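Dear colleague,

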Amino acid sequence: MQYRLIAGSIFSYFYNHILTNFPSRQLRLAYLKVYLSQVGEGTSIQMKCRFLNGRKVYLGDRNVVNFGCLFDGRHYQIKTGTDVSIGPEATILTLGHDPQSPEFADKGGDVIIEDKVWIAYRAIILPGVKIGEGAVVGAGAVVTKDIEPYTIVAGNPARFVKKRNVDLKYSLNYQPWLI
């Protein structure tokens with residue numbers, strides 16, 4: 001077990017501090033296909049993204065992960081569906097602390113993001129949340145609980161704004177050369 005922890009720490013450090021800054025999408029993606037549990041076909045991950053325990057991160061097909069995102073897979077899983085767009089500097093957390101615990105105990109859960117979800121700039125997704133198919137999370141929103149499919153939410157905490165069109169026909173295909 002100690003060997004796996006050390007190896008995982010080295011993989012994480014190398015990507016998060018060195019390779020994430022390298023301007024070759026193909027090189028970063030090749031590394032991430034080994035480091036993460038799953039990187040789907042056509043998925044694009046831009047520079048300066050960080051992954052805490054990549055073995056718990058599963059990215060579906062045709063995801064677009066913009067620059068500066070943080071994926072916290074330390075103890076729980078992060079799973080995304082197909083055609084998911086994650087805006088710049090978004091944060092997806094799976095672990096925190098129980099504020100009522102006298103021992104400052106850990107508290108967390110898996111984060112599930114279904115197909116055709118759009119998470120906008122600097123949104124924060126807290127542990128144990130499920131974001132339903134076709135949902136939109138507004139810029140800067142803090143998601144503290146599950147979001148129903150085809151719902152647009154915004155604010156802190158994220159609240160219902162309106163329903164989204166359910167007739168979505170797009171497939172993401174964003175493959176920038178140097179970012």
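This is a predicted model: local features need pLDDT of at least 70, side-chain atom pairs count only at pLDDT 80 or more; totals for chains, interfaces and linings use all residues.

Helix pair. Helix α1, residues 2-17, packs with helix α2, residues 25-35, at an angle of about 155 degrees, and their axes are 11 Å apart. Because angles over 145 degrees count as roughly antiparallel, α1 is roughly antiparallel to α2. The crossing of the two helices is left-handed. On the α1 side, the residues in contact are F11, S12, F14 and Y15, and they meet R28, Y31, L32, V34 and Y35 of α2. Sorted by class, this contact comprises 7 nonpolar, 1 polar and 1 charged residues.

Nonpolar core. The largest nonpolar core contains 36 residues, and those with the most contacts inside it are I45, F51, F71, I119, I131 and V137. At least two residues of this core come from each of α2, β4 (57-59) and β12 (111-113). The largest contribution is that of α2, with 4 residues.

I131 lies in strand β15, residues 130-131. Its relative accessibility is 0%, so I131 counts as buried. Beyond four places in sequence, I131 touches I112, I113, E114, V117, I119, I125, V137 and I147. Finally, I131 and Y35 are 96 residues apart in sequence, with their C-alpha atoms 25 Å apart in space.

With kind regards

Terms used
Residues are numbered from 1 along each chain as its sequence is written. Side-chain values use heavy atoms; hydrogens and water are left out. Axes are lines fitted to C-alpha atoms, for helices over the stretch in contact, and angles run from 0 to 180 degrees between N-to-C directions. Angles under 35 degrees count as roughly parallel, over 145 as roughly antiparallel, 65 to 115 as roughly perpendicular and the rest as oblique. A crossing is left-handed if the near helix is turned anticlockwise from the far one by less than a right angle, and right-handed if clockwise. Contact means heavy atoms within 4.5 Å. Ala, Val, Leu, Ile, Met, Phe, Trp, Tyr, Cys and Pro count as nonpolar, Asp, Glu, Lys and Arg as charged, and the others, Gly among them, as polar. A nonpolar core is a set of buried Ala, Val, Leu, Ile, Met, Phe, Trp, Tyr and Cys residues joined through side-chain atoms within 4.5 Å. Buried means under 20% relative accessible area, exposed over 50%, partly exposed in between (1.4 Å probe, protein chains only).
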